[in-house]
Each structure stands twice: as structure tokens, then as C-alpha cells.
Amino acid sequence: MKRLIERSRSVGEVLRWVTQNPGKVSASHYPIALHKLGQLLQQQPGPPMGAGDSRGPAGQVLEQPEFHVLCQAIVSGCAKFDNFSIVNCLYAAAALGLPGESPLVRVLEDESRSRLGRFNQKDVSMVFSSEANNKALEAIFSSQLFYENRQERFIRSMAEWLPRKAENLTPYTMALIAKYVARHRLREPRLLDTIANFLLKRGEQLDSKVIQKLVFPFSRMNYRPSNHGELFPKLEAILEQKAGSSPLATVNILMSMFQLSHFPQTVLHQVFSPGFISNVMSSPYALIVRRYLSLLDAAVELEFREYSGPRLDPRYRVLMFEHALTADEANRKYSYKGLVAEALRQLVGEECYRQDEVLPPGYCTDFLLWINRSGTVLPLSRVPAASRAPPTVSPVTVSLRSSVLALTSDLQDFAPVVLSVNDKWHYCQNSDILVGSRAMRDRHLRLLGYCLVQLPYTELEKVSGIEEAKHYLRQKL
């Protein structure tokens with residue numbers, strides 16, 4: 001039967017084989033038949049298949065009694081189909097252009113959603129490439145299996161149709177899409193600009209918690225949306241009104257804007273006000289807000305020097321991070337950091353560098369070294385103790401930048417150097433652009449007076465063995 005369907009030369013022939021031989025048709029034959037119909041219709045002149053289109057050959061197929069018999073057979077039996085047949089029928093129906101409200105598509109979608117947890121990766125990808133309505137998208141992006149895996153084919157397709165469908169999506173669905181885009185570091189301008197346009201149109205109706213989810217992908221991907229000239233002022237106005245309603249969301253939105261080098265002054269006045277600080281310090285999430293506010297305060301000092309409003313009370317300043325990021329710890333076995341560490345140990349000796357040093361305002365560095373004017377790495381014993389210890393976040397209002405620059409100007413013979421191992425997850429997907437948090441970290445370290453030496457994974461993956469790694473580091477240093 002499979003061979004007969006595949007060799008059919010007309011739509012009528014396919015329909016006859018399937019509908020007139022029910023005893024010889026199994027579940028696996030239905031998607032083959034639907035696919036074949038799609039191929040044959042592509043070869044025929046006339047308008048493409050579309051919902052309610054009865055003007056050409058495609059529309060005529062929808063009205064043929066044999067086609068309705070085929071659809072009814074799938075609807076009646078799909079609960080007993082295996083996963084592969086369900087997925088392929090849905091994918092073929094989408095490719096054929098069947099309307100989303102048709103009984104066949106509805107039943108296949110419902111059956112697919114009920115089986116998401118049992119689908120393998122290929123099945124999942126095909127399902128997500130064929131569903132695109134609001135209800136289906138909500139189910140797709142709520143699926144843990146989908147969320148944890150990047151669906152390249154679906155993403156390329158979604159970049160095409162999401163701008164057209166965005167207006168009819170709910171904020172909840174768009175927030176799920178934004179979460180997925182951020183999770184997989186997808187720097188796809190069409191997707192990001194669609195989220196930004198949605199936010200621009202619907203911002204006033206959204207609460208701060210939803211806004212933070214929609215804004216986060218921009219900072220995560222270090223991407224200023226094409227409408228940022230309108231969007232950022234609008235976000236500032238919204239935050240001015242809603243800053244106190246959800247303090248943690250407000251701080252998160254501010255952090256996203258800071259990572260994109262946008263500093264909303266009026267909102268900062270509110271966030272650093274005694275009332276806002278008092279409110280958040282008595283909340284269950286006081287520590288995380290203190291970490292974020294400490295980093296925001298340092299960013300104001302380093303990048304927004306013209307700001308003259310209130311600042312974070314020194315009593316509340318803490319390090320943003322006290323150790324390596326969770327992502328770096330989780331991906332340690334995939335990192336080139338171990339290779340660099342061993343090569344560095346053999347090249348300069350353990351007495352010449354520090355590993356995993358946390359520098360204020362809370363940035364974990366891979367390797368910290370001191371190099372003199374001639375380019376020689378100095379042993380720690382030759383570096384004054386006061387300079388070996390990085391400046392701490394002290395309760396007195398002292399400029400972080402001034403403290404480091406003063407240190408290097410007093411000790412003209414050398415300068416602190418940060419070796420930064422940039423692994424694959426530090427970049428946007430399929431890009432050489434660092435994610436926003438990493439890019440802001442690098443800006444701040446440079447402004448603090450550190451020399452930053454980048455070791456991108458694209459260079460490290462070409463290094464073979466310790467000797468090549470030592471040669472590579474020697475060139476870098």
C-alpha cells in the first residue's frame with residue numbers, strides 16, 4: 001500500500017487507494033497519503049491550499065467526499081495510532097494547509113499535546129513546526145521537553161509567522177515565548193523585535209512581573225530592539241507608576257536596561273529612595289534585591305557619572321556574586337577553563353596568578369595576573385600585598401574605579417590583568433556576541449582599570465594539547 005500511494009500520479013488516485021481499501025490501510029499509511037496529496041497539489045496550477053479556498057485544485061480536494069472519508073478515518077483511529085503516525089499526520093496536515101479549526105487538525109493537536117511527555121526529540125520538533133495557534137503555542141512553550149531543547153526548524157519557522165500572529169497572542173503566551181528565546185540565547189532579530197512591538201502596544205495593561213519577562217530577552221541577547229527609541233521611554237514611564245507594586249520585578253527591569261547601557265534617571269531616584277529601600281529590606285527577597293541594587297549602584301558610578309540623585313546606602317552594599325555563576329559550575333566539564341588553568345600553571349607557575357577571584361562589585365574572574373610594562377607576569381611575592389587583594393565593597397562611599405586606578409598609578413611598574421575564558425554558553429546562540437550580563441561585566445572590569453584578555457572558545461577549540469595551549473597563552477599575554 002505504501003508503494004502504491006507513493007507512486008500515485010493524481011490526487012484522485014491517492015484517495016482511491018486509501019478509501020477503497022480500508023482493510024489494507026494501517027496508521028502509518030495515513031501521513032504518507034497526506035504528504036503525497038501535498039506534493040501533487042504543489043505540482044498543479046491554481047491558488048495554493050488555504051482555509052476555505054475553493055477556487056483551485058487545492059480547495060476542490062477539501063470538498064471531495066473521498067477526502068472527508070480519509071480525514072474521518074484518521075479522526076476515528078488516531079487515539080490508537082503510534083506517536084510517529086500522530087506526529088506525521090499533524091505535520092502533513094499543516095503542510096497541506098488544512099485550517100486550524102478543522103476537526104482533523106483539532107483532534108491531532110489534542111492527541112499530540114496529551115502525548116508530549118512520551119514524544120522523542122524528532123517527534124517534538126515536527127509537532128512544534130506544525131502548530132501555531134494561541135492555544136497550541138501556550139501548550140508548546142509550557143512543555144518542559146520543548147523548553148529544555150532548542151528546536152532550530154521551529155525557530156526559523158516561528159520567526160516568519162510570529163510577527164503576523166503576535167497581536168492575537170495573550171501576554172502569558174508571549175511571556176512563555178520570551179522565556180524560551182532567553183533560555184536558548186536566540187539572538188533572532190525578528191523574534192526579539194516582535195516581542196518589543198508587543199510590549200510597546202500592550203505595556204500599560206501589563207503588570208511589572210510580565211514586563212520583566214518580556215524585557216529580559218533583550219538584555220540576555222545584548223540586543224537593542226529596533227523600536228528602542230519609543231520602547232525605553234515608555235518602559236520608564238510605566239516603571240515610574242508601578243515601581244513600588246513589585247520591587248523585585250522593577251529591579252530586574254532596571255538591570256536589563258542597564259545591561260543595554262540605558263539608565264532611566266527618574267526610576268533610579270525612586271529605587272534608591274529611603275522608602276523603596278525600606279520596603280524591599282523587609283521583604284522575603286531582601287538579599288537578592290540587595291545584590292541587584294549593589295550592582296546597579298556600582299554601574300551608576302562607573303557608567304552614569306552625570307547622575308546626581310540618591311544612591312544605595314553603603315550599609316546595604318554586598319557583592320553581586322560570591323562565587324562562579326551557576327551556569328559555569330553546571331557546564332564545568334564542557335569548559336576550556338581546565339585546559340587554560342593547566343597551561344597557565346606550566347607557563348608561569350601557580351605563584352603568579354589567582355583563579356576564580358571575585359572582584360567588586362561581585363564579578364567572578366577566571367584568572368587574575370599582574371604584568372609589568374615589558375609584558376612579564378609577576379609572582380605574587382613581588383606584588384605589594386595591598387594590591388594583591390582586590391578592593392572590597394566597604395561601608396564608606398569610596399569609588400571602586402578610583403581605588404583601582406589609584407592603585408595602578410601608584411605602582412607604575414605593573415597592571416592587573418583578567419584572563420577571561422569565554423565558553424560557548426557565554427555567547428548568543430550561533431553568534432560571536434556575548435550575552436548581556438557578560439558584556440556588562442567586561443565593560444565594568446575595564447572601567448575599574450583591569451586589562452581584559454579574552455579567550456573565546458572559537459580560538460580555544462582549535463588548540464590541541466598543553467603545548468599548543470601554552471603557545472596560545474604566551475601570544476595572548
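**Helix packing, sheet order and backbone geometry**

Q: How are α14 and α15 oriented to each other in this predicted model, roughly parallel or roughly antiparallel?
A: In this predicted model, the axes of helix α14 (residues 208-220) and helix α15 (residues 228-242) come within 12 Å and cross at roughly 150 degrees. Angles over 145 degrees count as roughly antiparallel. The two helices, α14 and α15, are therefore roughly antiparallel.

Q: What is the handedness of the crossing of α14 and α15, and which residues of α15 make the contact?
A: The crossing of α14 and α15 is left-handed. On the α14 side, the contact is made by Ser208, Ile211, Val215 and Phe218. By class, the contact of α14 with α15 comprises six nonpolar, one polar and one charged residues. The contributing residues of α15 are Leu231, Leu235, Ile238 and Lys242.

Q: How many nonpolar residues are in the contact of α16 with α19?
A: The axes of α16 and helix α19 (residues 286-303) come within 10 Å and cross at roughly 35 degrees, and this crossing is left-handed. Leu248, Val251, Asn252, Leu254, Met255 and Phe258 of α16 take part in the contact, and the residues from α19 include Ile288, Tyr292 and Leu296. The contact of α16 with α19 has one polar residue, no charged residue and, as the nonpolar count, 13.

Q: Which strands stand at the edges of the open sheet, each with a single partner strand?
A: Four strands form this open sheet in the order β1-β4-β5-β6, with mixed pairing. Neighbouring strands of the sheet are turned by 25 degrees against each other on average, direction ignored. One side of each edge strand is left without a neighbour in the sheet, because each has a single partner: these strands are β1 (353-355) and β6 (451-456).

Q: What is the bridge partner of Leu368 in β5?
A: Strand β4 (residues 367-372) and strand β5 (residues 414-422) pair in the antiparallel sense over six bridges. In β5, the residue bridged to Leu368 is Val418.

Q: Which residue in β6 does Ser420 stand opposite?
A: Strands β5 and β6 run parallel and are joined by six bridges. Strand β6 is mostly covered, with five of its six residues buried. The residue of β6 opposite Ser420 is Gln454.

Q: At about what angle does helix α21 run to β1?
A: Helix α21 (residues 337-348) lies across β1, β4, β5 and β6. These four strands form the open sheet. Relative to β1, helix α21 runs at about 160 degrees.

Q: Is Gly436 buried or exposed?
A: Gly436 is located in helix α24 (residues 436-447). Leaving aside residues up to four places away in sequence, Gly436 touches Ser219, Arg220, Asn222 and Gln259. With a relative accessible area of 0%, Gly436 is buried.

Q: What is the relative accessibility of Ala92?
A: Ala92 is found in helix α6 (residues 83-96). Residues up to four places away in sequence not being counted, Ala92 touches Pro31, Leu34 and His35. The C-alpha atoms of Ala92 and Ile32 are separated by 8.2 Å, although these residues are 60 residues apart along the chain. Buried means under 20% relative accessible area, and Ala92 counts as buried at 2%.

Q: Which residues does a cis peptide bond join, with omega of about 10 degrees?
A: Most peptide bonds are trans. Pro361 lies in the loop between β2 (358-359) and β3 (363-364). The cis peptide bond joins Pro360 and Pro361.

Q: What is the phi of Ser261?
A: Most residues other than glycine have a negative phi. Ser261 is found in the loop between α16 (247-259) and α17 (265-271), and is partly exposed, with a relative accessible area of 34%. Its phi is positive, near 60 degrees.

Q: What is the relative accessible area of Asp356?
A: Asp356 is found in the loop between β1 and β2. Although not a glycine, Asp356 has a positive phi of about 55 degrees. Asp356 is partly exposed, with a relative accessible area of 32%.

Terms used: Residues numbered from 1 in each chain as written. Predicted model: local features only at pLDDT ≥ 70, side-chain atom pairs only at ≥ 80, totals over all residues. Heavy atoms only, no water. Axes fitted to C-alpha atoms, helices over the stretch in contact; angles between N-to-C directions. Parallel < 35°, antiparallel > 145°, perpendicular 65-115°, else oblique. Left-handed = near helix turned anticlockwise from the far one by under 90°. Contact = heavy atoms within 4.5 Å. Nonpolar A, V, L, I, M, F, W, Y, C, P; charged D, E, K, R; others polar. Pairing = 2+ DSSP bridges. Buried < 20%, exposed > 50% of the residue type's maximum accessible area, 1.4 Å probe, protein only.
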